[in-house]
Amino acid sequence: MIWFAWRQQRATLLAAIGVILVGLGYLLYYRFAMMGEVTSTDLWSRSLPDTVASTDGPEFRSVADSVWVHFWGQAQTARTGMVVGAMVIGVCVGASMFAREWEQQTYLVALSQSVSRARWFVTKFAVAAAVVLGGVVLWELAYAWWARSAGNWMLDQYLFRPFYFESQGLALPAYALFALALGASGGLLIRRTVPAIVVAAAVVAGVFAGVSLYLRWHYLPPVMVTVPWHGPRSMDGEAHLMDVGYLSNTGQLIHMGLGKGELWNPCVSVENVASVAASDSYYGCMTQRGLVGFGEMVQPASRFWTFQVMEFGLFLVLSAAVLGVGMWWLRKRLR
Amino acid sequence: MTVMRPAIAVRAAGLGRRYGRSWALRDCTFDLPEGKVAALVGANGAGKSTLLRLLAGVLTPSEGSAEVFGAEPWLRGLSGVGFVAQEKPLYRGFTVAETLRMGRAMNPGWDQAYAAALVDRAGLGMRTRVGALSGGMRASLALAVALARRPRLLLLDEPLAEMDPIARQDAMRTLMVEVAETGLGVLMSTHVLADVDGVCDYLLLLDRGRVLLAGETDDILAEHRIVVASHRAERTDFGPHRVVRTQVSERQVTALVRRDGELVGDGWVVSEPTLDEVVVGHLLASAQSDSGGSAESGSEAAAQSGSGAAA
């Protein structure tokens with residue numbers, strides 16, 4: 001049965017494997033290209049930094065920057081390609097899984113054998129999922145290998161941002177699984193490959209936008225970080241800044257926008273207006289008016305893996321629901 | 001000696017299937033005993049393919065129920081039933097050998113040696129791609145895949161349509177050998193009755209989604225008579241016998257009659273019809289009744305007006 005599931009989807013899966021190999025080639029090529037440049041500019045002997053920010057010395061900085069900047073674009077392309085690629089491969093492989101059986105009428109063969117519909121559905125999906133998910137995990141491994149080969153500069157920034165978050169960890173296979181499930185069930189309901197691809201792609205893109213731009217920030221309530229008037233900015237560069245403002249002594253975050261001027265306008269006097277931010281009297285006045293400092297609402301970097309697990313769980317549930325609809329349709333509603 | 005009631009292979013009760021608003025099959029009720037070679041006959045669009053697909057479990061009914069060997073055919077895989085759809089669909093990218101491997105992978109009782117022998121007899125190379133086969137060869141391969149499952153019942157939708165005369169004969173011979181040796185039952189649709197005449201022992205006649213006739217061919221033939229009566233004799237008074245259809249010419253009335261007991265009349269010439277005559281008579285009567293009320297009054301109207309279409 002596994003042989004049949006593979007043989008029957010062989011052309012589609014080989015095409016998917018081809019795309020996966022091209023992606024792998026891209027990741028590995030730029031990994032070696034970057035390391036070649038690191039070696040040729042002798043960055044190793046200057047003790048490679050963990051991040052761009054921790055470099056010391058103007059000369060080193062310029063050499064390092066030229067390497068990073070040179071490969072920044074490629075890394076961005078790689079991340080985008082991985083995330084979009086995983087979803088596109090998933091949708092295309094998924095949509096052709098069952099829709100083509102209807103287009104070519106071969107479902108009449110498959111469904112009239114001794115094998116049950118449920119086993120047919122599950123085996124076909126599992127074989128395709130093994131190939132697609134295996135492929136995107138290989139992408140992630142290659143990307144991580146590239147990204148970690150010269151410090152963490154590619155990984156440690158914008159951890160939760162779209163394309164950064166999904167190109168690591170559990171999120172990428174979760175997106176691929178969801179796209180595959182949508183394509184498969186969509187193909188089963190729509191029965192035509194191309195319309196099923198269009199519909200599934202639209203849904204995947206919508207869910208991706210909704211999750212990465214909005215929902216992800218609300219997996220857990222953000223943490224309020226207090227920054228004293230003269231204290232250093234406590235926020236690390238990896239955390240995601242959701243909101244910033246003045247912090248009141250009641251723990252409220254007050255935006256520095258219009259309409260709140262009555263709070264601090266009285267503090268802006270003629271003598272300190274020239275250098276407002278640096279003025280002790282200004283901050284003293286602000287403190288008197290009940291503002292204790294700056295407040296930052298952040299999702300700390302330490303939550304990265306928690307969020308990965310939560311997003312993985314979310315997409316696992318979504319995929320199971322979509323597959324459940326497909327299975328129900330196959331068993332109860334098949335026309 | 002006790003008479004064993006034959007086991008029922010297919011039991012349909014009020015079976016119906018709707019596509020949108022139009023019914024492809026409606027109120028279909030019949031029992032098909034095990035081990036019969038049954039012809040499923042009807043015009044195009046009569047519901048033959050729909051019925052076979054319902055029985056093969058690739059389509060779910062809109063109403064009524066069907067049992068194949070005592071179980072509903074859909075929802076689970078078919079056991080003991082082979083099905084070849086009208087389009088003879090097979091995976092076009094597969095080779096013949098891969099097609100047989102598929103059969104083996106998906107059916108526990110698969111008989112590989114038999115499959116290979118059938119394929120060989122049909123002159124198919126194991127390495128030929130299905131897409132490169134002619135329509136008739138593909139039909140032979142599809143039939144081999146269905147047969148090698150060693151089913152107890154074979155559902156065939158126009159199995160011979162694309163075959164050349166020799167392949168047709170060969171396929172029918174293969175089927176009949178299976179029937180004789182293993183007690184295989186066959187339900188095959190056709191609109192060429194000549195293909196199955198003399199072979200089938202059960203007839204299921206469909207017309208626009210409804211069952212017109214269902215039963216053993218011998219019984220059906222024994223029930224029906226063609227009566228030729230002189231025109232001036234009693235016109236349509238056939239007593240208790242049911243007139244299926246009458247044709248009136250200037251000199252005589254020819255009627256297909258479903259008799260009830262002895263059929264004798266003054267000046268009547270009574271003969272046994274062929275299966276083809278029974279089928280065509282019923283189909284034409286049904287077509288007439290469609291425009292003129294019930295079957296009974298339709299045939300009477302046809303008899304009186306003398307406007308019956310020629311068979």
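Is B:Arg11 buried, partly exposed or exposed, and what is its relative accessible area? In this predicted model, B:Arg11 comes out as partly exposed, at a relative accessible area of 38%. Its side chain forms a salt bridge with B:Asp31, and the closest N and O atoms sit 3.0 Å apart. That pair links distant parts of the chain, with B:Asp31 in strand 2 (residues 22–33) of chain B and B:Arg11 in strand 1 (residues 8–19) of chain B, 20 residues apart. B:Asp31 is partly exposed too, with a relative accessible area of 30%.

Chain B as a whole has 8 helices and 13 strands. Of its 311 residues, 49% are buried. Looking at the contacts in chain B with a separation of 6 or more, 68% come from residues 24 or more positions apart. The chain exposes about 14000 Å², and carbon and sulfur atoms supply 49% of that area.

Helix 5 of chain B (residues 165–182) makes a handy case for a closer look.

B:Glu158 is not a glycine, yet has a positive phi of about 45°. This residue is found in the loop between strand 6 and helix 5 of chain B, and with a relative accessible area of 8% it is buried. B:Arg208, also a residue other than glycine, has a positive phi near 40°. It lies in the loop between strand 8 (202–207) and strand 9 (210–216) of chain B, and at 38% relative accessibility it counts as partly exposed.

Turning to chain A, the salt bridge between the side chains of A:Arg216 and A:Glu311 is 2.8 Å from N to O. A:Arg216 lies in the loop between helix 7 and strand 1 (223–227) of chain A, while A:Glu311 is in helix 10 of chain A, so the pair ties together parts that are 95 residues apart in sequence. How accessible are the two ends? A:Arg216 is buried at 0% relative accessibility, and A:Glu311 is buried at 0% as well. Salt bridges that share partners join A:Glu166, A:Arg216 and A:Glu311 into one network. Over all chains, the count of salt bridges comes to 15.

Chain A also carries a nonpolar surface patch of about 470 Å², made by A:Leu189, A:Ile190, A:Val199, A:Val203, A:Val325 and A:Trp328. Helix 6 (171–190), helix 7 (193–213) and helix 10 (304–333) of chain A each supply at least two of the patch residues. A:Trp328, placed in helix 10 of chain A, is partly exposed, with a relative accessible area of 44%.

A:Ala78 is found in helix 3 (residues 58–103) of chain A and has a relative accessible area of 5%, so it is buried. Leaving aside residues up to four places away in sequence, A:Ala78 touches A:Tyr26, A:Leu27, A:Tyr143 and A:Trp146. A:Ala78 and A:Gly23 are 55 residues apart in sequence but 8.1 Å apart in space, C-alpha to C-alpha. A:Thr123 belongs to helix 5 (residues 117–148) of chain A and is buried at a relative accessible area of 12%. With residues up to four places away in sequence not counted, A:Thr123 touches A:Met1, A:Ile2 and A:Ala5.

Definitions and conventions
Residues numbered from 1 in each chain as written. Chains lettered and ligands numbered in written order. Predicted model: local features only at pLDDT ≥ 70, side-chain atom pairs only at ≥ 80, totals over all residues. Heavy atoms only, no water. Helix = DSSP H or I, 4+ residues; strand = E, 2+ residues; numbered from the N terminus. Buried < 20%, exposed > 50% of the residue type's maximum accessible area, 1.4 Å probe, protein only. Contact = heavy atoms within 4.5 Å. Areas by Shrake-Rupley, 256 points an atom, 1.4 Å probe, with all protein chains shown as cover. Patch = residues over 30% accessible without salt bridge, like charges linked within 9 Å, V, L, I, M, F, W, Y side chains within 5 Å. Salt bridge = Lys/Arg side-chain N within 4 Å of Asp/Glu carboxyl O.
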